Amino acid sequence: MARTIDLEERKQFRVLLNPVRQDIIHLLRRAGRPMTANTVAEKMLLSPSAAQSHLNKLEELGVVEQGVCTAPDGRQATYYRLADVEIRLCLGRKDGFQGEREALAAQLVDGTFRGVLHAASQCGEPEQQEDLQFLFGALHLKPEERAELLGLIDGYLRTHSVPEGGVEHWEYVLMAYRADEE
């Protein structure tokens with residue numbers, strides 16, 4: 001069961017608003033496997049010390065965990081992986097951090113949208129029909145239907161958040177809110 005981190009301190013926002021740290025989270029999420037600081041540095045074109053510094057800040061926040069593995073040659077290596085956490089932005093909270101919450105939400109949505117744009121530029125129109133999904137609209141749900149839908153989505157996303165061999169990797173942003181009646 002995922003632990004929840006409610007963002008409510010300036011330090012938490014400083015850690016997560018850093019675009020390099022968001023990219024590290026993104027890298028670890030897509031890889032679905034632990035990585036050494038050197039591997040993170042190599043993939044992100046960072047110095048090993050910079051990667052280590054960013055990973056340490058993410059670990060302090062509780063987003064990343066480290067473990068030690070012994071290689072076949074007997075050397076020990078420290079690996080980093082995403083912790084089983086859910087980060088809650090609490091967008092409506094009135095505590096002086098609304099700007100930071102909005103900036104973080106915008107960065108997260110923008111990162112996924114830029115991924116969609118990149119994917120669209122890499123494939124032709126026939127592949128876009130299969131490889132890109134951009135759905136929007138309005139649902140009209142009773143409270144119990146809303147709860148059922150959110151439960152189904154949450155369960156499905158949790159079940160498929162760990163990569164297996166031979167699967168496609170998809171990124172997503174799901175946004176929903178209770179809209180005013182017009």
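Here is a short walk through this predicted model, one selection at a time.

Before you click: residues are numbered from 1 along each chain as its sequence is written, and side-chain values use heavy atoms, with hydrogens and water left out. Because the model is predicted, local features need pLDDT of at least 70 and side-chain atom pairs count only at pLDDT 80 or more, while totals for chains, interfaces and linings use all residues.

**Stop 1: two crossing helices.** Select helix 2 (residues 19-31) and helix 4 (residues 48-61); their axes come within 10 Å and cross at roughly 80°. Helices here are DSSP runs of H or I with at least four residues, strands are runs of E with at least two, and both are numbered from the N terminus. Axes are lines fitted to C-alpha atoms, for helices over the stretch in contact, with angles from 0 to 180 degrees between N-to-C directions. That makes helix 2 roughly perpendicular to helix 4 (65 to 115 degrees; under 35 is roughly parallel, over 145 roughly antiparallel, the rest oblique). Now show side chains: V20, R21, I24, I25 and L28 of helix 2 meet H54, L55, K57 and L58 of helix 4, where contact means heavy atoms within 4.5 Å.

Stop 2: Next, pick out the open sheet of three strands, in the order 2-4-3 with antiparallel pairing. Two strands pair if DSSP finds at least two bridges between them. Strand 2 (35-36) and strand 3 (64-70) are the edges, each pairing on one side only. Strand 3 and strand 4 (residues 76-82) are joined by seven bridges; zoom in on E65 and you'll find R81 of strand 4 as its bridge partner. Bring helix 2 back: helix 2 lies across strand 2, strand 3 and strand 4, at about 95° to strand 4.

**Stop 3: R101.** Jump to helix 5 (residues 98-122) and select R101. Buried or exposed? R101 is buried, at 0% relative accessibility (buried is under 20% relative accessible area, exposed over 50%, partly exposed in between, with a 1.4 Å probe and protein chains only). The R101 side chain makes a polar contact with the side chain of D95 at 2.8 Å. Such a contact is a pair of N or O atoms within 3.5 Å; within protein, one must be able to donate a hydrogen and the other to accept it, and residues adjacent in sequence count only if both atoms are side-chain atoms.

**Stop 4: two loops.** Finish with L45, in the loop between helix 3 (37-44) and helix 4. L45 has a positive phi of about 60° although it is not a glycine, and is exposed, with 80% relative accessible area. Then C90, in the loop between strand 5 (85-88) and helix 5, has a positive phi of about 55°, again without being a glycine.
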